[in-house]
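Look at the two chains below and find the place where they meet. The text that follows walks through that place step by step.

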Amino acid sequence: MSTSFALQHKKNRLYYALLAGAGLVVLLALYAVDLMEEKGHIITGMNNQIVWGMPHVFAIFLIVAASGVLNVASIGSVFGKAIYKARAPLAGLLSIAMLAGGLAVLMLDLGRPERFMLPALDFNVTSVFAWNTILYSGMFGLVIAYLWSMMEKRMNVYSKPLGVAVFAWRFILTTGTGLIFAFLTARQAYGSAILPPMFVVMSFAWGMAVFHIVQMVIYAWNDKELEPEILERKKRLLGIFILGSLYMVVVYHMTNLYFAHRMSFERFILLDGGVYPALFWWGYVLIGNVLPLALIFMPGMKTKKSAMMASLAVVLGGFAFLYVFIIGGQAFPLELFPGYQVSSTFGDGQIGSYTPSIYEILLGFGGLAIAFIITTVSVHVLNFMPHDKSYIAD
Amino acid sequence: MKDVQRRNFLKTSVGLAAVTIAPGMLLFKVAHGESDDNSKVRWGMLIDTSGCTNGCRECIDACNKENGLSGGLAPTDSQWIRKIEIKDVSTGHEFGLPMMCQHCAEPPCVDVCPTGASFKRHDGIVLVDKHRCIGCRYCMMACPYKARSFVHEPLHNQNPDVPRGKGTVESCTMCVHRVDEGKQPACAEACPNKSILFGNLHDPNSEIAKKIRAVASTQVRADLNLNTGVRYQGI
């Protein structure tokens, strides 16, 4: 008894230490924002060619994963699978936490963050950014209602329709995130109709990976054992999502390679663009795909450790992909005069240079820390632990 | 009795509302030009690249001076107008031209701006409302001409006619403050070879309209179908 009490005491202290650590990261991020406010974006690595940098990599990862993590809930409520249903509340919580973290980063990176409410007030109907303000706030509201319907017995009847609404909403939301880039017709890296579905499929993989990591930590924290059958099944599903998103990325690059006018961009991003091809092949393809697929599908890899490693690799690969996609996509110069060699004082015809500054990175980690705090506190005070009946395949 | 009181109250309210709103509406009308897209006025430029001599920076210097820009060339400095040196790789032919906001009739920056800070006046000039810009930089991503700059640092000694703001996006205003006074944009006035012809594209008798009818002119990235207000001759 006393040993278990001592252990509990130790855990409590660890819990508060973790919260304090995350709180410190948030404070550092706010300090970075304050400096950016005072001195301007000059203290970041962003410039007039690379206008979106590290904060956007973090923000978009968090927002896309926030949508994807709801897959777990959807499989439960829309398709009625029991083991997923038991995990729907945790998935909903993670979604809200990551959305909050991602949006905080996005808003605090604005040149005028104090005007963040303007898109809602001066709504421009043709702007996909403006649409997204509705999609993001709607998602918050819907997921909170969905969580309520699952956790409050009297609201249980609404759980199914709310689950279906969340299911539809998050598809539209991730489509909206993909459209931000799909509508940029003038840039070789973007302007493709495949981007929204690509983001949707990627969200499945990233969200599932985050879910795995959090679930495994929660089980370990509570000294509980996840049934190997459940773990195996979810691991395989992650594998399928990884394959699906890899397929979309291959098709995206293949279509670009087919268009003669985008060949030079593909050459840059896949072959001779320095850090970008390196991150693409080593970071995204090898760590983000080959490694987790091997960990998931190679015979004899049935341990919890392999599932954890595979999920972490998918998250790292996701960050690598977004860095290449967002920053590499802007580093390649806009083509104003196709077929001509151009130069100017404003970076025309030159590869844009970008070195992320510590302030941007702090802001990005601040977003992760916000998601961490929301998740940790909620799991501590409310009942988000999945409750499985004995596993029966359904 | 009550009815009369109510009627009087309504009359007074409507009158007061009209008095309050009317000046605003008037200002709105002024700010947005006088007429709609089929207006009699569409400001534009025709740039003769043959007169754009190597090493000449008169238009750039004039722009910087007029609009209070530092003239710095760092990647974080604003450049509303820049000179692009162009070389045809297959023939070796080289030429240069000034590049700035093309004042599109269908501006992508206006489409993507979440707050409507990027807007087009009815006389065709595309501007950024510094009070509504949140600094998201989506317009910079969307502009095919890389015409926009983001203010990365605090500003000092601004020109009162050309308000700018740290954390907001800006670009060539076609010297709207001069145009509204009946003057030419600074770059057009400064060009030693008179290669930048400014005028009303919608007035068939204007010099620019006549010249555009007579000579072959090009829109940069015409494939995007943006109907630019700035046209080039000799490319």
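**Where the chains meet**

In this predicted model, A:Val342 stands opposite B:Ile86, a residue of strand β2 of chain B.

β1 of chain A pairs with β2 of chain B, which covers residues 82–88. The pairing is antiparallel and runs over four bridges.

Which strands make up the sheet, and in what order? The sheet is open and has three strands, in the order β1(A)-β2(B)-β3(B), with antiparallel pairing. Its edges are β1 of chain A and β3 of chain B, residues 94–99, and each of these pairs on one side only. From one strand to the next, the twist averages 30°.

Now consider the contact between the chains as a whole. Chain A contributes 39 residues to the contact, and chain B contributes 42 residues. On the side of chain A that touches chain B, at least two residues come from each of α6 (118–121), α7 (128–151) and β1 (340–343). What kinds of residues does this side of chain A hold? There are 19 nonpolar residues, 16 polar ones and four charged ones.

Key: Residues are numbered from 1 along each chain as its sequence is written. Chains are lettered from A and ligands numbered from 1 in the order in which they are written. This is a predicted model: local features need pLDDT of at least 70, side-chain atom pairs count only at pLDDT 80 or more; totals for chains, interfaces and linings use all residues. Two residues are in contact if their C-beta atoms, placed from the backbone, lie within 7 Å. Ala, Val, Leu, Ile, Met, Phe, Trp, Tyr, Cys and Pro count as nonpolar, Asp, Glu, Lys and Arg as charged, and the others, Gly among them, as polar. Two strands pair if DSSP finds at least two bridges between them. Axes are lines fitted to C-alpha atoms, for helices over the stretch in contact, and angles run from 0 to 180 degrees between N-to-C directions.
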